[in-house]
Amino acid sequence: VFGAALLSDEKTSAVKAVVAPCWLLEEFVVTTECSQCNAFQTRSWSSCRPTGYVERVNCTRSNRDEYKRS
């Protein structure tokens, strides 16, 4: 009971940091040309939602692979 009282008093809020895609901040190379998203990708990837198409890019400085809406 004591532990439950402590937990109810604690107010923790998880703040998810918004990280800008690397392709907005640095040079990149397109590794996969524009392709249509499948049904799963359209529902789950934010980069697919606006157009239904994405490109896979590799950011030069950070060497990160990301999807960029086309």
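Q: Hi! How many disulfides does the structure hold?
A: Hi! The structure holds 2 disulfides, and keep in mind that the model is predicted.

Q: OK, which cysteine is joined to cysteine 22?
A: Cysteine 22 is linked to cysteine 59, with an S to S distance of 1.8 Å.

Q: And which parts does that pair tie together?
A: Cysteine 22 belongs to helix α2 (residues 22-25) and cysteine 59 to strand β2 (residues 53-59), so the bond connects parts 37 residues apart in sequence.

Q: Are cysteine 22 and cysteine 59 buried or exposed?
A: Both cysteine 22 and cysteine 59 are buried.

Q: Is their disulfide right-handed or left-handed?
A: The torsion about the S-S bond of cysteine 22 and cysteine 59 is about 75°, so that disulfide is right-handed.

Q: Next one! What about cysteine 37 and cysteine 48?
A: Those two also form a disulfide, with their sulfur atoms 2.0 Å apart. The link of cysteine 37 and cysteine 48 is left-handed, with -85° about the S-S bond.

Q: Where do cysteine 37 and cysteine 48 lie?
A: Cysteine 37 is in the loop between β1 (28-36) and α3 (39-44), and cysteine 48 is in the loop between α3 and β2. Cysteine 37 is buried at 8% relative accessible area, and cysteine 48 is buried at 0%.

Q: New topic: which cysteine is in no disulfide?
A: That's cysteine 34; the nearest cysteine sulfur, in cysteine 37, is 8.6 Å away. Cysteine 34 counts as partly exposed, at 43% relative accessibility.

Terms used: Residues are numbered from 1 along each chain as its sequence is written. This is a predicted model: local features need pLDDT of at least 70, side-chain atom pairs count only at pLDDT 80 or more; totals for chains, interfaces and linings use all residues. Side-chain values use heavy atoms; hydrogens and water are left out. A disulfide is a pair of cysteine sulfur atoms within 2.5 Å. Helices (H or I, at least four residues) and strands (E, at least two) are DSSP runs, numbered from the N terminus. Buried means under 20% relative accessible area, exposed over 50%, partly exposed in between (1.4 Å probe, protein chains only).
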